[in-house]
Amino acid sequence: MIEKKFNKPALIISALAVLTGWFCGPFYFVSILLGITAIIIAIKKRKTHLVKLPVFLSVVAIVMGIFDFLLFHTGLFFPL
């Protein structure tokens, strides 16, 4: 049996994506780009590494980036 380990680069990049989505609201594109990058890295190593946590964090970061875009760059939440 092959013991799978965490993919450290994907985990770090996805955690950074969540943090940038949380703290850098007006710069929504950073969290989206980091989330997509982490998903690509995680999917390439899915045979030998665990990918559920990095992919989950990346999806959360992408959703936060989309929410930040709607919050800061459209009038959806703050209509005039």
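Guide: Contact means that heavy atoms lie within 4.5 Å of each other. By that rule G25 touches D68 and F72, leaving aside residues up to four places away in sequence. The model is a predicted one, and G25 sits in its loop between helix 1 and helix 2.

Visitor: Why is G25 called buried?

Guide: The relative accessibility of G25 is 10%. Buried means under 20%, so G25 counts as buried.

Visitor: What makes L19 partly exposed?

Guide: L19 belongs to helix 1, residues 8-23. Its relative accessibility is 44%.

Visitor: Which residues form a nonpolar patch with L19?

Guide: I12, L16, W22 and F23 form the surface patch together with L19, and the accessible area of the five is about 610 Å².

Visitor: How do you know that the length of helix 1 agrees with its number of residues?

Guide: Helix 1 has 16 residues, which at 1.5 Å a residue should span 22 Å. The end C-alpha atoms of helix 1 are 22 Å apart, so the two values agree.

Visitor: Which residues of helix 1 are buried, and what makes them line one face?

Guide: The buried ones are A10, I13, S14, A17, T20 and G21. Seen down the axis of helix 1, they fall within an arc of 120°, so they line one face of the helix. The face turned away from that buried side carries exposed K8, I12, W22 and F23. The cover over the buried residues of helix 1 includes helix 2 (28-44) and helix 3 (52-73).

Visitor: Why can residues some places apart in a helix point the same way?

Guide: An α-helix has 3.6 residues a turn, so residues three or four places apart point the same way.

Visitor: Which residues are buried in helix 2, and why are they put on the same side?

Guide: S31, I32, G35, A38 and A42 are buried in helix 2. Around the axis they cover an arc of only 130°, which puts them on the same side of helix 2. L33 and K44 are exposed on the other side. The buried residues of helix 2 pack against helix 1 and helix 3.

Visitor: Why is F56 called exposed?

Guide: F56, a residue of helix 3, has a relative accessible area of 53%. Exposed means over 50%, so F56 is exposed.

Visitor: What covers the buried residues of helix 3?

Guide: The cover includes helix 1, helix 2 and strand 2 (49-50). Among the residues covered are P54, L57, A61 and L71.

Visitor: What span does helix 3 reach, and what is expected?

Guide: Helix 3 has 22 residues and reaches 31 Å from its first C-alpha to its last, close to the expected 32 Å. Helix 2, with 17 residues, reaches 25 Å, close to the expected 24 Å.

Notes
Residues numbered from 1 in each chain as written. Predicted model: local features only at pLDDT ≥ 70, side-chain atom pairs only at ≥ 80, totals over all residues. Heavy atoms only, no water. Patch = residues over 30% accessible without salt bridge, like charges linked within 9 Å, V, L, I, M, F, W, Y side chains within 5 Å. Areas by Shrake-Rupley, 256 points an atom, 1.4 Å probe, with all protein chains shown as cover. Salt bridge = Lys/Arg side-chain N within 4 Å of Asp/Glu carboxyl O. Helix = DSSP H or I, 4+ residues; strand = E, 2+ residues; numbered from the N terminus. Buried < 20%, exposed > 50% of the residue type's maximum accessible area, 1.4 Å probe, protein only. Expected span 1.5 Å × (residues − 1). Arc of directions from axis to C-beta.
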